[in-house]
Amino acid sequence: MEVIILNDPEAVSALSARRIAQLVRAKPTAVLGLATGSTPLRLYKELIRLHQEEGLDFSEVTSFNLDEYIGLAADHAASYRYFMQENLFRHINIAPERTHVPSGLVAGPDIARYCAEYEEAIVRAGGIDLQILGIGSDGHIGFNEPSSSLASRTRIKTLTQRTREDNTPFFDNPDDVPHHVITMGVGTIMEAREIHLLAFGDKKADAIADAVEGPITANVPASVLQMHPTVRLFADEPAASKLARRDYYRWVYDNKPAWQAF
Ligand code: PGA
């Protein structure tokens, strides 16, 4: 795992955006895996700036989002479809029909078939070239809560109380946070060709230390990323503060040869 620690979240988000821009310029039909929550907001602002000021062209890009709350329609202000429209899609020239966010309105026995179709759509698009991830304070990726199978596929999951509490700021009332979600599985995420894990703030420090330097365990789903050949962690100082080898990671990054930079 390449660990990139910088002082401020803007700088580290801009680096992730620069790598995404490099990918999209080299492969205009790139398939991006996208995330929601507060973590990727600065990254999306930078992608919007790159589109508006530097002509970064998303017209042939396809996107797949990680997850969605069950029960929320696309026009609900806390739904992840709404989040993506407001914070990225409507500001860039991505084709609406090539943006995929799981529907929160599938119900009952249809969910399993819907999830299988979401997986098939990813395969038909050629697989995910680059997946953006945040991390939950409990170590989740997507909404794969602790104890999720490390081989899991897109499916319905039940949120932990901790995740529901972490996500209350996005809802009017804590009781409104849904219990159930559709999420890409850990196995689905692991098939992306490249993964950017973003983490900011001291609330993420324990999860990042466990994910990067702890044992691989379903109790910290992000720890499975240790098995992926091309993962970059973009962290600010507070999120990286509990990494035992942070001085080593800093030295490696500061001394990276120019030809490896993106
Ligand atoms: P956050 O959520 O970006 O709102 O902190 C991250 C996550 O739950 O994956």
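Predicted model: local features only at pLDDT ≥ 70, side-chain atom pairs only at ≥ 80, totals over all residues.
Leaving aside neighbours within four places in sequence, arginine 250 is in contact with Ile5 and Glu237, where contact means heavy atoms within 4.5 Å. Residues are numbered from 1 along each chain as its sequence is written, and side-chain values use heavy atoms, with hydrogens and water left out.

To stay with arginine 250 for a moment, this residue is found in helix H9, and here helices (H or I, at least four residues) and strands (E, at least two) are DSSP runs, numbered from the N terminus. Arginine 250 counts as partly exposed, at 23% relative accessibility; in this talk buried means under 20% relative accessible area, exposed over 50%, and partly exposed in between, with a 1.4 Å probe and protein chains only. Between arginine 250 and lysine 27 there are 223 residues in sequence and 30 Å in space, taken from C-alpha to C-alpha.

Let me turn to the chain as a whole. Its secondary structure comes to nine helices and ten strands. The radius of gyration of the chain is 17 Å, close to the 18 Å that the globule rule gives for 262 residues, so the chain is as compact as a globular protein of that length; the radius is taken over C-alpha atoms, and the rule is 2.2 Å times the number of residues to the power 0.38. Along its principal axes, the C-alpha trace spans about 55 × 40 × 35 Å. Of the 262 residues, 54% count as buried, and among contacts between residues at least 6 apart in sequence, 79% join residues at least 24 apart. The accessible surface comes to about 11,700 Å², of which 51% belongs to carbon and sulfur atoms, the areas coming from the Shrake-Rupley method with a 1.4 Å probe, and for residues only the protein chains shown count as cover.

Now to charge. The chain has 26 positive and 35 negative side chains, and the centres of the two sets lie 4 Å apart; Lys and Arg count as positive and Asp and Glu as negative, with His and the chain ends not counted, and the place of a charge is taken as NZ of Lys, CZ of Arg, CG of Asp or CD of Glu.

How many salt bridges does the structure hold? There are 19 salt bridges, each being a side-chain nitrogen of Lys or Arg within 4 Å of a carboxyl oxygen of Asp or Glu. One of them joins glutamate 2 to arginine 232, with the closest N and O atoms 2.7 Å apart. This pair links distant parts of the chain, since glutamate 2 sits in strand S1 (residues 2-6) and arginine 232 in strand S10 (residues 231-236), 230 residues apart. Arginine 232 is buried, with a relative accessible area of 15%. Both residues also belong to a network of salt bridges that links Glu2, Arg19, Glu194, Arg232 and Lys256.

A further salt bridge has arginine 245 and glutamate 213 as its partners, the closest N and O atoms being 4.0 Å apart. Arginine 245 lies in the loop between helix H8 (237-240) and helix H9 (246-254), and glutamate 213 in helix H7 (residues 205-213), so the pair ties together parts that are 32 residues apart in sequence. Arginine 245 is partly exposed at 46% relative accessibility, and glutamate 213 is partly exposed with a relative accessible area of 23%.

The side chains of arginine 90 and glutamate 86 also meet in a salt bridge, at 3.2 Å from N to O. Here arginine 90 counts as exposed, at 53% relative accessibility, whereas glutamate 86 is partly exposed, at 29%.

Threonine 62, in strand S3 (residues 62-65), counts as buried at 10% relative accessibility, and, not counting residues up to four places away in sequence, threonine 62 touches Ala30, Val31, Leu32, Arg98, His100 and Ala125. Histidine 51 lies in helix H2 (residues 41-54) and is buried at 19% relative accessibility. Serine 147, in the loop between strand S6 (130-133) and strand S7 (155-158), is exposed, with a relative accessible area of 54%. The phi of serine 147 is near 90 degrees, a positive value in a residue other than glycine.
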